[in-house]
Amino acid sequence: MNLFENTNVKKDNNDRPLAYRMRPRSLDEFYGQEEIVGDNKLLSRAIKADRLQSLIFYGPPGTGKTSLAQVIANQTEAEFVKLNAVTSGVKDIREVIKKAKSNRNLYNNKTILFIDEIHRFNKSQQDALLPSVENGTVIMIGATTENPYFEVNSPLLSRSRIFRLEKLKSKQVLSILEKSLEDEKRGLGKLNVNISNRDLQFIAELADGDARVALNTLELAVLTTPANSDGIINLNTEIIEDSMQKKILNYDRSGDNHYDIISAFIKSMRGSDPDAAIYWLARMIVSGEDPKFIARRVVIHAAEDVGMADPTALIIAESAARAVEQIGFPEAKIPLAEAVIYIASAPKSNSVVKAINSAVDYVENNKAGSVPAHLKDSHYAGASDLGHGIEYKYPHSYPKNYIEQNYLPEDMQSVSFYEPGKMGREKKTAQFLKYLRNENGTEDD
């Protein structure tokens, strides 16, 4: 195997998949990821100046990790070597390093080593790579769909710059599809393909930010559809469904149906119907809804509609949102489903919403009251001379760790914002507050 095969040599790529043929050759052809490769961004400047250090590209499939590495290969004067962590071992790494040392010593040439799925390298493989990354024998570019902070050794991380690639927006995927239909050399431009803007948009949306899936779907639809007598390949929704191997649901992220489904999802959780909530969750997942959007709605609902009746709901919702960030789909659907079932099955209370809305309304419509002297900061010289903190009663010095004293401005003594509900954990909260105030409550909290 020639590890240093020149990747820039032109070949007949007609037998390659469309997604491979349409890979960008330069930054000008690269779609998305403006935050890292946009004009005057650090990475784009480094690529153009051929001044790279070791990098790790982290993000979902089809977002351009390999393509960006290929762009670097096309624009750099360094040798470019590609390994896949699934099929390569320590022996392959050592062979690359040996050749890289030779190239540097004999020709003063740099070597870029691209490692796809770097998270699959075990500790010994990563350790074998580390010295050559550290001394600059190779410039490593790793690509991974997993969080590198969990999967890559700390020493290798500390010597690499990490760039996170986000899912492509549907309009960016759409632009890639349109370009592939126009390009006669690398794309489908020589074929007379007839596809509606609506069906092309469907492909872009259902690909869920994965350009490879979108291009593979379009290519399969074109190749399996015979041309009519006029030489036209007519594609329709049914063909797209078969090619995508997904049912195209009536779901438009920017349309009314999007908001209707979100509304049904939230109302099902609020209505304590876990079966309905899971159904609407599945509808959104299958239709390609942004999992981060779903997770945000779940977190909001846990605080808004479960609230103090079961405060654990917010913890579980937040954990699910964090799982979405760390592991992504498809695995993240499981913690999301757990949070949705928990919230739908939990006792409900909107006392938190009432309390904060009531307090905000009061603040907006009344003069700001002064902080009582005994609550003011007393931790500076001269504070006691002003009477700050002198009459403050430390609750832990009293029975029940509670002592009645004024915590609101003087003119707000009769104001109340929080009224505990009577469901779940909040029922005990109400009893405990009564117990503190000797209002015939119970000590059991």
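Let me start with helix α10, residues 197-206, where seven of the 10 residues are buried, so the helix is largely enclosed by the rest of the structure; buried here means under 20% relative accessible area, exposed means over 50%, and partly exposed is in between, with a 1.4 Å probe and protein chains only. The buried residues of α10 are Asp199, Leu200, Phe202, Ile203, Ala204, Glu205 and Leu206, and they pack against α9 (170-182), α11 (211-223), α12 (237-244) and α14 (274-286), where contact means heavy atoms within 4.5 Å. Just after α10, Asp208 takes a positive phi of about 55°.

Before going on, please keep in mind that this is a predicted model, in which local features need pLDDT of at least 70 and side-chain atom pairs count only at pLDDT 80 or more, while totals for chains, interfaces and linings use all residues. Residues are numbered from 1 along each chain as its sequence is written, and side-chain values use heavy atoms, with hydrogens and water left out.

Now to the domains. The domain assignment, whose bounds come from an automatic or database source, gives domain 1 (32-162), domain 2 (168-241), domain 3 (253-348) and domain 4 (368-435). Taken over C-alpha atoms, the centres of domain 2 and domain 4 are separated by 65 Å. From UniProt, an unreviewed entry lists residues 51-169 as "domain: AAA+ ATPase"; such positions are given in the numbering used here, with feature names shortened, and annotations may be inferred rather than shown by experiment. Over residues 51-169 the chain is 42% helix and 22% strand, with the end C-alpha atoms 29 Å apart.

How do helix α3 (residues 42-49) and helix α4 (residues 65-75) pack, and at what angle? The angle is about 30° and the axes are 9 Å apart, the axes being lines fitted to C-alpha atoms, for helices over the stretch in contact, and angles running from 0 to 180 degrees between N-to-C directions. The two helices, α3 and α4, are therefore roughly parallel to each other, a label for angles under 35 degrees, whereas over 145 counts as roughly antiparallel, 65 to 115 as roughly perpendicular and the rest as oblique. Leu43, Ile47 and Lys48 of α3 make the contact with Leu68, Ile72 and Gln75 of α4.

Let me turn to single residues. Lys101, in helix α5 (residues 90-107), counts as partly exposed at 40% relative accessibility, and its C-alpha lies 9.0 Å from that of Ser132, 31 residues apart in sequence. In the loop between α5 and β3 (111-116) sits Asn108, which is exposed at 66% relative accessibility and has a positive phi near 55°.

Ser268, in helix α13 (residues 256-270), is buried at 10% relative accessibility, and, leaving aside neighbours within four places in sequence, Ser268 contacts Asp273, Ala276, Ala277 and Trp280. Ser272, in the loop between α13 and α14, is partly exposed at 38%, with a positive phi near 60°.

Finally, Val306 belongs to helix α15 (residues 291-306) and is buried, with a relative accessible area of 0%. Not counting residues up to four places away in sequence, Val306 touches His301, Ala313, Ile343, Ala346, Pro347, Lys348 and Ser349.

Terms used. Helices (H or I, at least four residues) and strands (E, at least two) are DSSP runs, numbered from the N terminus.
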